[in-house]
Amino acid sequence: MNTGFYVSEIDEKIFARIDGKSYKKNCSVPLSELRYLRLLHKDFRGETATGELICNKAIADALTDIFQKLFAENYPIEKIRLIDEYDADDELSMRDNNSSCFNFRYVSHTNRISLHGYGLAVDINPLYNPYIKTVDGKKIIAPANSVEFEDRTKNFPHKIDENDLCVKLFAEHGFLWGGNCWDDEKDYQHFFVEMGR
Ligand SMILES: [Zn+2]
């Protein structure tokens, strides 16, 4: 049971993959607070694929449970790779529809560490579930190649909405969903816990 899913600490081998990338030189989150997850998921061809994800230890068990249930229900997730494979470039990872969690960074234009910087936020199928915000009347959409998925009244595969299994499973573990949290921005790919930060 549960073969294919495990949680481990960040050992030297894993650290070598993230050092200077998602785990930047100025990273203020101790490695001991992070966990590496190996998990299985169904890709867009319906085949079983292996995923890798780094998250905060506070949510490692919750994520394991959520991804086990998504896998059991054949929920399609295209790829779950460490963002370090994209040089920790969030835009490149999203453009490639990569689902990911930990990446040490600040919220744009602030000195606030992003919840991704603590490994407390997860993005699922981001190409189909963009981040949308209007600043000074100008619409920002990320990733930039997700414009055709901006209109959430349309039906298309991999769209996360209120009825999506991800929304249900993450909510059961106390996560919030960026698709219905705020009035002035939407982040349909983004599931997170506040943890009093
Ligand atoms: Zn996110």
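In which loop does His 158 lie? Select His 158: the residue is in the loop between E6 and H4. Helices (H or I, at least four residues) and strands (E, at least two) are DSSP runs, numbered from the N terminus.

Before going further, note that this is a predicted model, in which local features need pLDDT of at least 70, side-chain atom pairs count only at pLDDT 80 or more, and totals for chains, interfaces and linings use all residues. Residues are numbered from 1 along each chain as its sequence is written.

**Backbone stops**

Stay on His 158 and check its phi, which is near 75°, a positive value in a residue other than glycine. His 158 counts as partly exposed because 17 C-beta neighbours fall inside 10 Å. The classes used here are buried for 20 or more other C-beta atoms within 10 Å of a residue's own, exposed for 12 or fewer, and partly exposed in between, with C-beta atoms placed from the backbone.

Next, select Ala 142 and Pro 143. The peptide bond joining them is cis, with omega near 0°. Pro 143 belongs to the loop between strand E6 (138–142) and helix H4 (165–172).

Then go to Ala 88, in the loop between helix H2 (57–72) and helix H3 (90–95). Ala 88 is not a glycine, yet its phi is positive, at about 60°. This residue counts as buried because it has 21 C-beta neighbours inside 10 Å.

**The loop between H2 and H3**

Two further residues can be selected here. Glu 78 lies in the loop between H2 and H3 and is buried, with 20 other C-beta atoms within 10 Å. Not counting residues up to four places away in sequence, Glu 78 touches Asp 43, Phe 44, Asn 97 and Asn 125; contact requires C-beta atoms, placed from the backbone, to lie within 7 Å. For a distance check, draw a line from Glu 78 to Ile 113: they are 35 residues apart in sequence and 27 Å apart in space, C-alpha to C-alpha.

Asn 74 is also placed in the loop between H2 and H3. Is Asn 74 buried or exposed? With 11 C-beta neighbours inside 10 Å, Asn 74 counts as exposed. Its contacts, leaving aside neighbours within four places in sequence, are Lys 42 and Gly 46. From Asn 74 to Phe 44 the separation is 30 residues in sequence and 10.0 Å in space, C-alpha to C-alpha.

**H2 against H4**

Show H2 and H4 together. They pack at an angle of about 150°, with their axes 10 Å apart. Axes are lines fitted to C-alpha atoms, for helices over the stretch in contact, and angles run from 0 to 180 degrees between N-to-C directions. The pair is therefore roughly antiparallel, a term for angles over 145 degrees. To see the contact, select Ile 66, Lys 69 and Leu 70 of H2 with Leu 165, Cys 166, Leu 169 and Phe 170 of H4.

**The sheet**

Finally, select E6, E5 and E8. These 3 strands form an open sheet in the order E6-E5-E8, with antiparallel pairing; strands pair if DSSP finds at least two bridges between them. E6 and strand E8 (185–187) are the edge strands, each pairing on one side only. The twist averages 20° from one strand to the next. Strand E5 (residues 131–135) pairs with E6 over 5 bridges, and Tyr 131 stands opposite Ala 142 in E6.

Key. Angles under 35 degrees count as roughly parallel, over 145 as roughly antiparallel, 65 to 115 as roughly perpendicular and the rest as oblique. Two residues are in contact if their C-beta atoms, placed from the backbone, lie within 7 Å.
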